[in-house]
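Please look over the sequence and the fold below before reading on.

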Amino acid sequence: MPENACLVIAIDEPRRLREIFGDDASTRALADFGSAATALAERLLARHTITGREHDPAQACWQFEFALAAGIGDPAETLASIAAAGRQLLPETLGAIFGSGTGMRLPARLHCRSGNTAIAPAPTDDNASDEIERLLAGDAIRTVVQPIVSLRDRRLLGYEALSRGPQDSPLARPDRLFAAAHAAGLGLAAELTCARLALDRTAGRLAAGRFLSINLGPAALACAADTLPLAGRSDVVVELTEHLPLDAAEDLRSAVGRLRQLGLRIALDDTGCGFADLDTVEILRPDIVKLCITVIRNAGRGDPFVEAIRRTVGQLHALGAQVLAEGVESESQHAALADCAIELGQGWLYGRPLALEDAFAD
C-alpha cells in the first residue's frame, strides 16, 4: 500500500478568478467550491479512509490525504482510477459553482499522488477522437432548449439551445461531450456543429416574438457570420460563453458588428457582480447580460448581497443591456431578483431543458 496517498483538487488561476468576479464574490465562490471539492473528495474516496485535509486559500488548493482500503489490488491502478473519475466529475462541479461559461473552461486540476510522486492518469481512449468525429459528421448530437422568461410575470420569451451527446452514451452530458471534443482538437468544430444543428432544427418553429440563444466561444463567434445559417434569423441571440481579456474583446468588435448587421442580438454569459466584466460589456455592448450562478446564489443571502446585485444591474442598464438571471432555483431568489429590476430569468424554477418535440408541441 502506498504511503501518504493524496488527492489534490486545485484551481490553477485564482488570481484570474478574482479579476473576473472581484475579491468579495470570488472569496464566496471559492468557499462554495471548497465545500463542493470536499464533497467530491468524499465521494471519490468513499471506499478508503481520509486521514487528513489541507487547504491553501491563496492557491485555491485542497488536499486530502487518505489510506487505501485493504485488498484493492494494484494501488497505482486504483489511484489512477480515482483520478480519472474525479476528472470526469470536476467540470460539472466547476460549472455548478461558477456557471457553465466560466466553470466549464476554468483551468483546474485533480490528481492523486503517492508520497511525492504524481500518479499518471488512466490511459486515454484511443477511439475517443474517432467517436467525436463520427458525432460531428452525423446528427446524433441532441438539441434541447431551456425556457427564458420575463422575470416580472414569468411569461415565456425564448429559449437557450443546449447540446447533449447520444442518450445513454458516455458523452451524453455536455461537459463530457465538449471536454472530449477539445481533447481531440475538435472544440471549435463541436461548437459550430452544435450551433448549426440548433439553428436548423428550430428554423420556422419559434412563435412570433420569441428568440433562440445559441452558445459560441470567441473563435466560433469570430467566424459565425461566414459559417452558420444565420441569414434571416432575426430571432437568434448569439451568446458569448467565455470571459475575455480586454484586448481579445476588442478583437471581437468587428465580428459582433457583422452579426448585428444580420439582425442578430448579442448576449454575454456568466457576468460577475460589478467587476472586470463591465469593461467587456462596455466594449461589446451586448443586448443581454447574464448574471452568473455565483451572483444568483447570493440573491438569497440577505440585503447586502441584493444591494450589490442592484448596483450591478443599474450599471448594466446604463450600458444599454437587459439583464438575465441564470440558474434561478427558488422562489426566494426570484423575489429578490425581481426587486432588482432584472428583466429576464432562466433556471429550474421556470423550466428544465426540454426536447424539441416537447418545447414546440403546439
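The model is predicted. The protein has 362 residues, and buried residues make up 49% of them. Its secondary structure comes to 15 helices and 14 strands. Of the contacts with a separation of 6 or more, 68% join residues 24 or more positions apart.

**Helix α8 and its buried face**

- Helix α8 runs over residues 218-227, and its buried residues are Pro218, Ala220, Leu221 and Ala224.
- Looking down the axis of α8, these buried residues fall within an arc of 155°, so they line one face of the helix.

**Packing of α8 with α10**

- Two packed helices are described by the angle between their axes and the distance between the axes.
- For α8 and α10, the axes come within 8 Å and cross at roughly 35°.
- This crossing of α8 and α10 is left-handed.
- On the α8 side, the contact is made by Leu221, Ala222, Ala224, Ala225 and Asp226. On the α10 side, Ala255, Val256, Arg258 and Leu259 take part.
- The residues of this contact divide into seven nonpolar, two charged and no polar.
- Leu221 and Ala224 are buried in α8, and both belong to the contact with α10.

**Nonpolar cores**

- The largest nonpolar core has 56 residues. Which residues have the most contacts inside it? They are Ile214 and Ile342.
- Setting aside residues up to four places away in sequence, Ile342 touches Leu151, Leu291, Ile309, Val313, Val323, Leu324, Ala325 and Leu337.
- There is also a second, separate core of 29 residues, and Ala5, Leu17, Ala41 and Leu44 are among them.

**Ala321, in a loop**

- Ala321 sits in the loop between helix α13 (303-318) and strand β12 (322-326).
- Is Ala321 buried or exposed? Its relative accessibility is 5%, so it counts as buried, the cut-off being under 20%.
- Ala321 and Pro286 are 35 residues apart along the chain, and their C-alpha atoms are separated by 6.1 Å.
- Not counting residues up to four places away in sequence, Ala321 touches Pro286, Asp287, Val289 and Leu316.

**Thr93, in helix α3**

- Thr93 is found in helix α3, which covers residues 75-98.
- At 15% relative accessibility, Thr93 counts as buried.
- Beyond its neighbours within four places in sequence, Thr93 is in contact with Phe33, Ala36 and Leu40.

- Leu188 itself is partly exposed, with a relative accessible area of 40%.
- Which residues does Leu188 touch, not counting those up to four places away in sequence? The partners are Ala219 and Ala220.
- Leu188 and Leu221 are 33 residues apart in sequence and 9.9 Å apart in space, C-alpha to C-alpha.

Conventions. Residues are numbered from 1 along each chain as its sequence is written. This is a predicted model: local features need pLDDT of at least 70, side-chain atom pairs count only at pLDDT 80 or more; totals for chains, interfaces and linings use all residues. Side-chain values use heavy atoms; hydrogens and water are left out. Buried means under 20% relative accessible area, exposed over 50%, partly exposed in between (1.4 Å probe, protein chains only). Helices (H or I, at least four residues) and strands (E, at least two) are DSSP runs, numbered from the N terminus. The arc is that of the directions from the helix axis to the C-beta atoms. Axes are lines fitted to C-alpha atoms, for helices over the stretch in contact, and angles run from 0 to 180 degrees between N-to-C directions. A crossing is left-handed if the near helix is turned anticlockwise from the far one by less than a right angle, and right-handed if clockwise. Contact means heavy atoms within 4.5 Å. Ala, Val, Leu, Ile, Met, Phe, Trp, Tyr, Cys and Pro count as nonpolar, Asp, Glu, Lys and Arg as charged, and the others, Gly among them, as polar. A nonpolar core is a set of buried Ala, Val, Leu, Ile, Met, Phe, Trp, Tyr and Cys residues joined through side-chain atoms within 4.5 Å.
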